[in-house]
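Please review the following briefing on charge pairing and ligand surroundings. The structure is shown first, and the notes follow by topic.

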Amino acid sequence: MAGNAAYDWDAFDSDDYLAHNYAELHDEDRRILEIVRDFLCGQSFDADTRGVDVGTGTNLYPALAMLPFCDRISLLELSEANRRWLSSQLRCCSENWDRFWRVLAEREAYRTVDRPRDCLYRRTSVQKWDILGSVPDTQWDLGTMFFVAESITTFREEFTTALQRFCSLLKPGAPFVMTFMENSKGYEVGGRHFPALGIDMGDLRDEMCGLGYGMEFHRFGVGPEPLRDGYSGMILVHGYVK
Ligand SMILES: C[S@@+](CC[C@H](N)C(=O)[O-])C[C@H]1O[C@@H](n2cnc3c(N)ncnc32)[C@H](O)[C@@H]1O
């Protein structure tokens, strides 16, 4: 058992994580993209909407999903390695992301984005952030946090704190989307072990009932070729911050 601070996040092997998880578009990610896309297309946003993605790692699809609706997008990340990776990727986004964008572009709102790569570069900024740290003095209008709260610790209290802090980054009423590994036992990145807390739908519903409203929960079982060992599925929740 170990908490977030016991792991060397600055040594996270960004390229290995990307190669393992996002070099190809997996079925689970396609399903997630479709749900996020349709949820966001059903909202109305002001022209100056500011989005935030927490613990971005090497996953650009939450930011891509928010792109048509946001004037600015902040990518908040603790790991120096991942921040470096993000800064260089945003300058020249690799081809694998086209497969993710094509799913989004099945809806008109995404097709109106002129040159998505340039747009992503212009609208995003990368910032050092500890989701278990202090409460921010600024709040965003829309937020995503994918595979972070349960995948940065084995401590239940830190999972709870990550969810609370994520919600406190957002204005009351702001739409959000979060995803989780279900019953994860942790994961290897570049030969290093990183932690996870084994959570399920019941745990998530308990945690979220005081934090959000209008929520929908989705569960995806493990397919024939699971991405990693030691988990039983993925969970997505979307809704609005209380
Ligand atoms: C399992 S990865 C998920 C990455 C990405 N969001 C995805 O969808 O694949 C967990 C991410 O959380 C970041 N992280 C770890 N501890 C954090 C903290 N205290 N605050 C913010 N981010 C953290 C890691 O650097 C890593 O990028």
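The structure holds twelve salt bridges, a salt bridge being a side-chain nitrogen of Lys or Arg within 4 Å of a carboxyl oxygen of Asp or Glu. This is a predicted model, in which local features need pLDDT of at least 70 and side-chain atom pairs count only at pLDDT 80 or more, while totals for chains, interfaces and linings use all residues. Residues are numbered from 1 along each chain as its sequence is written, and side-chain values use heavy atoms, with hydrogens and water left out.

**Salt bridges**
- Arg37 pairs with Asp38 in a salt bridge whose closest N and O atoms are 2.9 Å apart.
- Arg37 is buried at 7% relative accessible area, and Asp38 is partly exposed at 33% (buried: under 20%; exposed: over 50%; partly exposed: in between; 1.4 Å probe, protein chains only).
- Another salt bridge joins Asp98 and Arg117, with 3.0 Å between the closest N and O atoms.

**Ligand contacts**
- The ligand is surrounded by 20 residues, the closest being Tyr17, Tyr22, Gly55, Glu77 and Phe146 (a residue is near if one of its heavy atoms lies within 4 Å).
- This shell comprises ten nonpolar, eight polar and two charged residues, with Asp, Glu, Lys and Arg counted as charged, Ala, Val, Leu, Ile, Met, Phe, Trp, Tyr, Cys and Pro as nonpolar, and the others, Gly among them, as polar.
- A ligand nitrogen atom lies 3.0 Å from a polar side-chain atom of Asn4.
- For Asp130, a side-chain N or O atom is 2.8 Å from a nitrogen atom of the ligand.

Terms used
Polar contact = N/O pair within 3.5 Å; in protein donor to acceptor, adjacent residues only side chain to side chain.
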